[in-house]
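Reader: I am new to looking at protein models, and I would like to learn how to read one feature at a time. Could you take me through this one slowly?

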Amino acid sequence: MSLPSGMDRQTGRSSLTAKQAGLTLAIALLLSILAGAVELALDARAMRHEIVSDTRYRLDLVHGTAAEAAFQLNPDLATQVVEGLFNGGRVARVAITDDFGRTMATSQRENEPVSGWLAHTLFDDILHYQQTLNYQAGSDNPAQPVGKLELTLALDRLARDFTDRSLLIFSLGVAKSLAIAALLALVFHGFVTRPLLRVHAAIADTDPRQPGHWPKPAMGRHGNDELGHLVESVDQLLLAFQQGLDQRDQLHQISTMDGLTGIANRRHFDTFIAREWQRARRNGHALSVIFIDIDHFKEFNDHYGHVAGDDTLRAIAEALTRVVHRASDLVARYGGEEFVCVLPDTDLEGALRVAERIHREIRALDIPHAYATHTGRVTASLGVASCAPALDDIGHEELMAQADSQLYRAKRQGRDRVAAQI
């Protein structure tokens, strides 16, 4: 199992939290714009109502004084009323006229700035106010009209006030959107992203050689939701990978192991010696081979039976592994009653010492053999060859041929001995 490079913990890409926060912010801003538009429309209506109510209230407040000024034809009193109304800030023009249409007092701005279409749309219909001034001379007399009070509001000032209020509403809306987005991002990160990151970290820490032993994260409150199901699915997948690797290893072991003796078979030997030959050539080290053949094994099988023969082969394989036990060495069944040992980084002298120990170990098994040449016990003949691949212009096939030649020399000389190239 191999993990893709995208599973690295640190990547140059945006994190899920950042993407979620950005998406949440975008949605929150869009909603705030829509909500802001509705809120601005409602605020515009409320502002219009406030303007109309406030203006009428102020006109009603000064109505009596303005009527008295018009009745008495008192310009000073009329001027006081006009100036009081004009100082309101939103007023562009105020005028009081008597019942003959003569202006008693007026005040207006010299130049009114041009306002945009939105201001005209919102406020044009509430700019102008006119009120008939009625005065009652006595309690017994009905009120009579004595003049008019006119007031015009400043459109640019209303537009500026509306803009200020709109900016405030929009700023508050954006601030709320940011706060909501941040809160949602934190909640999403804590509830979703962090568990996903734990799953990611567990997968990234998984040993590709042992996927079934991955550090499965505990999902807690997510045990029964989609995240919990995801972890369970990943666990089942990794366990399936582990089973596949185990089956592969078992098949590989079966294909490279001798079924009778439990040591390496001929196929494993061929692969091993070719690989060690190349390594010895690169490093300039010696490589040695020992061939072992059980003496008169056909006669042993014919006399004692194949069951005893198989037991003998297993006993000799165990004896070989007791002598040749370095991790770098190999003991293999070459075929029938023949065995072979490969000794990397071992010269001829070292290989001879190993061969002599093997020879003694096999004799020490003390297995009866009625057809043995001399001893009446199972013995073996051994052939030893060694070379330095970096110096000798031969291949590993030639090295094996030399060891095999020494084996047959040992047999010709009477068996139950070790022969080596000189």
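Author: Let us begin with a single side chain and its surroundings, keeping in mind that this is a predicted model. When its neighbours within four places in sequence are left aside, phenylalanine 123 is in contact with Met47, Arg48, Ile51, Leu155, Leu158, Ala159 and Phe162.

Reader: Which residues touch the most other members of the largest nonpolar core?

Author: A nonpolar core is a set of buried nonpolar residues joined through side-chain atoms within 4.5 Å. In this model the largest such core has 35 residues, and the two that touch the most other members are Ile96 and Phe123. At least two residues of this core come from each of α1 (16–72), α2 (75–86), β1 (91–98), β2 (103–108), α3 (117–123), β3 (128–135), β4 (144–153) and α4 (155–204). Helix α1 gives the largest share, with 10 residues. There is also a second, separate core of 28 residues, and Val324, Val354, Ile358 and Val378 are among its members.

Reader: Is aspartate 43 buried or exposed, and what does arginine 165 count as?

Author: The cut-off to remember is that buried means under 20% relative accessible area. Aspartate 43 has 13% relative accessibility and therefore counts as buried, whereas arginine 165, at 24%, counts as partly exposed.

Reader: Where do the partners of the salt bridge between glutamate 232 and lysine 216 lie?

Author: The side chains of glutamate 232 and lysine 216 meet at 2.9 Å, N to O. Glutamate 232 is in helix α5 (residues 226–256), while lysine 216 is in the loop between α4 and α5, and the two are 16 residues apart. Both ends are partly exposed, since glutamate 232 has 35% relative accessibility and lysine 216 has 37%.

Reader: What about the salt bridge of aspartate 366 and arginine 377?

Author: In that salt bridge the side chains of aspartate 366 and arginine 377 meet at 2.2 Å, N to O. Aspartate 366 and arginine 377 each lie in the loop between α9 and β8 (380–387), so the pair ties together parts that are 11 residues apart in sequence. Aspartate 366 is partly exposed, with a relative accessible area of 45%, and arginine 377 is also partly exposed, at 31%. Salt bridges can share partners as well, and in this way Asp43, Glu50 and Arg165 are joined into one network.

Reader: Where does aspartate 345 lie, and with which residues is aspartate 345 in contact?

Author: Aspartate 345 lies in the loop between β7 (338–344) and α9 (348–364), and at 40% relative accessibility it counts as partly exposed. Beyond its neighbours within four places in sequence, aspartate 345 is in contact with Arg279, His285 and Ala286. With histidine 285 there is a polar contact between the two side chains, at 2.8 Å. To return to where we began, aspartate 345 and phenylalanine 162 are 94 Å apart in space, C-alpha to C-alpha, and 183 residues apart in sequence.

How values were computed:
Residues numbered from 1 in each chain as written. Predicted model: local features only at pLDDT ≥ 70, side-chain atom pairs only at ≥ 80, totals over all residues. Heavy atoms only, no water. Buried < 20%, exposed > 50% of the residue type's maximum accessible area, 1.4 Å probe, protein only. Helix = DSSP H or I, 4+ residues; strand = E, 2+ residues; numbered from the N terminus. Contact = heavy atoms within 4.5 Å. Polar contact = N/O pair within 3.5 Å; in protein donor to acceptor, adjacent residues only side chain to side chain. Salt bridge = Lys/Arg side-chain N within 4 Å of Asp/Glu carboxyl O.
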